[in-house]
Amino acid sequence: TDAMGKTQAHVNAYWAKKIFTGQGQPPRSVYEDSEVMDTLNADPSAIGYINESSVNAKVKVVLTLP
């Protein structure tokens, strides 16, 4: 399960339904912390998650997971 208590299968089913019904698209995925940081720096409304060791003064931490 993920941080929201959902399995990957549940998340996949949710987005498949949204895409099929034309109600939305999943957020863009990037896999390297540096790509996430570039995205966050380019779009102030973006959210993402990175390793704690990659956090710097250019981003604001809103939640830390154990």
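This report walks through a few local features of a predicted model.

## Ground rules

Residues are counted from 1 along each chain as its sequence is written. Since the model is predicted, local features need pLDDT of at least 70 and side-chain atom pairs count only at pLDDT 80 or more, while totals for chains, interfaces and linings use all residues; side-chain values use heavy atoms, with hydrogens and water left out.

## An aromatic pair

Let's start with the rings. A pair of aromatic rings is described by the distance of the centres and the angle of the planes. Rings of Phe, Tyr and Trp (its six-membered ring) pair if their centres lie within 6.5 Å; planes under 30 degrees apart are stacked, over 60 edge-to-face, and the rest tilted. That rule gives one aromatic pair here. The partners are Tyr-14 and Trp-15, whose ring centres sit 5.0 Å apart with planes at 85°, so this is an edge-to-face pair.

Trp-15 belongs to helix α1, residues 8–20 (helices are DSSP runs of H or I with at least four residues, numbered from the N terminus). How much of each partner is open to the outside? Tyr-14 has a relative accessible area of 41% and Trp-15 has 23%, so both are partly exposed, the class between buried (under 20%) and exposed (over 50%), using a 1.4 Å probe and protein chains only.

## Two residues of helix α2

Asp-33 lies in helix α2, which spans 33–42. Asp-33 is buried but has no salt bridge, meaning a side-chain nitrogen of Lys or Arg within 4 Å of a carboxyl oxygen of Asp or Glu. Its nearest side chain of opposite charge is Arg-28, 13 Å away (Lys and Arg count as positive, Asp and Glu as negative; His and the chain ends are not counted).

What does the side chain of Asp-33 touch by a polar contact? The side chain of Ser-54, at 2.7 Å. Such a contact is a pair of N or O atoms within 3.5 Å; within protein, one must be able to donate a hydrogen and the other to accept it, and residues adjacent in sequence count only if both atoms are side-chain atoms.

Leu-40 is also found in helix α2, and Leu-40 is buried at 18% relative accessible area.

## After helix α2

Val-61 and Val-62 both sit in the segment after α2. Val-61 is partly exposed at 45%, whereas Val-62 is exposed at 74%. Between Val-61 and Ile-50, 11 residues apart in sequence, the C-alpha distance is 9.8 Å.
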